[in-house]
Amino acid sequence: MTTPRSTDATPTPDDRPSPVGPAASTTATTPVQLRRVVSGSLVGTALEWYDFFIYGTAAALVFNVLFFPQSDPAVGTLTAFATFGVGFVFRPLGGILFGHIGDRIGRRETLIITTLVMGVSTGVIGLLPTYASIGAWAPALLVLLRVLQGLGAGAEFGGASTLLAEHAPAKRRGFYTSFAQTGVQIGLVLGTVAFLLVGLLPDEQLFAWGWRVPFLVSFLLIGVSLYVRLRVAESPVFRALTAERQTVKLPVVEALRRYPRNLLIGVGAHIADTAAVYLYATFTVSYATGTLGIPRGTVLTGVIVFGLVVIALQPVYGALSDRIGRRPLNIFSVVFTAAFAFPYFLLLRTEQPVLVVLALVVATAFGVAPMIAVQPAFYAELFGARVRYTGFATSREVGAALAGFTPLVAAALVTAAGGAPWLVAAYLIALCLVSFVAFVAAPEMKDIDIADAGPAGPR
């Protein structure tokens, strides 16, 4: 029985996979190292995505007033969401840039760099003067810092997932890599809790100084993230590549040359879950509080429950993918997300707190959670070790960029429909169809040899 390959290329005598065997076997991950890798990825991704998510919550609640004041509140909200989407535009560039570094000098060192980029840019947002103080310079500086957030975020998840995948036992790769996604959801919960707490302040204090606190906390979190990541060992697969001099000079060029089909699959695969997560966790806050008039605390509590459900289910779905494969779970979750699009908004429009929370929980448990739990292993298995970080981060973040403006598009569609959300539901279904095609086209690769360097380029 042949082992599934991590490439869509057909090997020739000069284009054979180069397994990283002897060197890899001498640097196998110990149980202690594995625990450190899991904790490092969990804590690191949680703190970095806390940074990325709090911008979305702030865009929904305060940035429209503080940085983009308009006579029409809807215009201010649209502008704030547009700057939220700017981070997604630069995520592919971050994936290419830091993916190159990760495939050239190491996964661990690159994650340390992204920690600094994300942490500092987020903290500085909390120090910015507002439009009332410096006029147009305020939104310009805010957008610049959002660009830096996008660059860091574009490399963070791919790097953490690659490191986990290359340390994890072969038969439990889905389970262990799911902790990278768990960290992302912890970041979502922490960011939402932060704004729930400062949201208890009177509006005058919230808009004067309270909104700054969640951003300034990022300065403290940098130290925590660096501490856990500096204790993590480099991937044994990458160490073997380095020892055998199998790294490539231009990983992005090699990825495009050797894995064109898998890159396209990776782009399409990340569109539906990106749209769904930011529709539920970001746009819902604005729509429910602004259009439906549901209390801010009720909506933020629902988003927190949303995140907690995902956190609880990540290792469950990750372990299940080790048994039945990544493909079945991906297809099930994207079909469910499309089928639940209209019922989700019907439940929101009841304006009943219990039903609002129920809508978020159901959308999470059966739609978002399976898809994103499988994602770290799914992407890591699409590419050989030489270009894994670059291929993973680039394809995933291009997909994120294509769907990252979902809150902006959704807000515009609601405005065009006079406050009705049905165009938004139809838009989500259309994006789910794109990812459905990608998942159907993707091969099942849960049993590949993660140490396979992939097809060799010309020497």
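Predicted model: local features only at pLDDT ≥ 70, side-chain atom pairs only at ≥ 80, totals over all residues.
Residues are numbered from 1 along each chain as its sequence is written, and side-chain values use heavy atoms, with hydrogens and water left out. Local features need pLDDT of at least 70 and side-chain atom pairs count only at pLDDT 80 or more, while totals for chains, interfaces and linings use all residues.

**Whole protein.** Show the cartoon: the protein has 21 helices and two strands (DSSP runs numbered from the N terminus; helices are H or I, at least four residues, and strands are E, at least two). Of its 459 residues, 60% are buried (under 20% relative accessible area; exposed is over 50%, partly exposed in between; 1.4 Å probe, protein chains only). Switch to the surface: the accessible area is about 16400 Å², and carbon and sulfur atoms hold 71% of that (Shrake-Rupley method, 1.4 Å probe; for residues, only the protein chains shown count as cover).

**Helix α13.** Select residues 260-269. Seven of these ten residues are buried, so α13 is largely enclosed by the rest of the structure. The buried ones are N262, L263, I265, G266, V267, G268 and A269.

**Residue G40.** Select G40, which lies in helix α2 (residues 31-61). G40 counts as buried because its relative accessibility is 3%. Which residues does G40 touch, not counting those up to four places away in sequence? They are V228, R229 and V232 (contact means heavy atoms within 4.5 Å). Finally, pick the C-alpha atoms of G40 and R231: they are 7.8 Å apart, with the two residues 191 apart along the chain.
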